[in-house]
Amino acid sequence: MAASESFSDIECRFVGLTSPTAPRARHGTHPCQGLYWTRRGERPRVAAIATHYNVDFSEHYLAPLFAARGIGFLGWNTRYRGAEDQFILEHALIDIGEGVRWLREKAGVEMVVLLGNSGGGSLMAAYQAEASQPTLVAGANEPTRRALENLGQGDLYISLNAHKGRPEVLTDWMDASVVDESDPTATDPSLDPFNPENGPPYSAEFVRRYRAAQRARNQRITDWAKAELKRLNAAGIPDRVFPLFRVWADLRFMDPTLDPSDRPCPGCYAGLPTIANRNPLVIGRANTIRTWLSMWSLETSKCQGTEQLARLEIPALVVQSMGDMGVFPSDARAIFDAVASADKRIEFVPGAHYFEDSAAHRDHAAALMLDWIETKL
């Protein structure tokens, strides 16, 4: 359906559900909620479900486009929508499982498409991996263990402009020149990507040093988090919140010769990196210690894409926009290579991250995904 066509025959219904590990709030809010989009009066036998770590996907831009082609679309949110600082992977997967269960048992869907868009790519991969073979049950309490052992599997997986994984994207974007996590101004000039003496363009030697320093920064925070959690727990305190600064500094934001694509450069999702990197509005800007260890740490997080994608055996489609300023061609190829399924395909398309630059690009990508789904019916 073209962008100019009417969606008057599309309807959406609110779906609010409790979770095996989260009841309905006293004021009435369900922990799991979203919108189910269909053609008016229809009960599709195929539906997609899209979920993110913290972004509200209930009104996802693809929802009416899928519904117009007769594919249901559940824009689904876990208890962590808007609450990134509280995220724990096990409970997010359980909440996604309630959405999948609702599609099959209440909506009458026979085929479920797990749509991993943006950050949701690694999350939906982790869901499918855990649903096919539970690995997170060790040490879990009885309700959590039982829920994880009863996740319903998806039938198809789509990676759409998806980051490689939560720890990977944060580390790739980190400013490696930070020398004190408590001081946003503390900088090592020899690693400062905004120091003209370093580039852009950046030398291969600088890129190597910078990438190593980014990984080292992630590990320093992890080491501190583990020690601090142990200290707090010994005092009877379960957790604490801490801030994170300067996370708009991927060298690819400033140097278009690195991972070439059609992206505007310099640029990132938050505008000019020189300005955005000083702004506190970044991913991971606040975390509990347990959230850092569950979502962002390269050492401890199970939100890493490669590990989860290697367990996917269902048909998979990887779609990547060439104008994306935060996901790059090498990221998409790494995702494709990591998927274990023998039935997999990768496509590069024009457009920005959410196709906000062009309705035509959005419609083209949607048609590509829908055509692929129909070949699997």
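**Exercise 1.** What share of the contacts in the chain with a separation of 6 or more comes from residues 24 or more positions apart?

*Solution.* Start with the ground rules: this is a predicted model, where local features need pLDDT of at least 70, side-chain atom pairs count only at pLDDT 80 or more, and totals for chains, interfaces and linings use all residues. Residues are numbered from 1 along each chain as its sequence is written, and side-chain values use heavy atoms, with hydrogens and water left out. Next, a contact means heavy atoms within 4.5 Å. Counting that way, residues 24 or more positions apart supply 75% of those contacts.

**Exercise 2.** Work out how much of the chain is buried.

*Solution.* Take buried as under 20% relative accessible area, exposed as over 50%, and partly exposed as in between (1.4 Å probe, protein chains only).

**Exercise 3.** Describe the ring pair of Phe253 and Phe328.

*Solution.* First, the rule: rings of Phe, Tyr and Trp (its six-membered ring) pair if their centres lie within 6.5 Å; planes under 30 degrees apart are stacked, over 60 edge-to-face, and the rest tilted. The whole structure has 15 such aromatic pairs. In this one, the centres of Phe253 and Phe328 sit 6.4 Å apart with 40° between the planes, so call it tilted. Now place the partners: Phe253 is in helix H7 (residues 251-254) and Phe328 in the loop between strand S9 (316-321) and helix H11 (329-338), so the pair ties together parts 75 residues apart in sequence. Phe253 and Phe328 are both buried. Finally, ring pairs join Trp173, Trp248, Phe253, Tyr269 and Phe328 into a cluster.

Key:
Helices (H or I, at least four residues) and strands (E, at least two) are DSSP runs, numbered from the N terminus.
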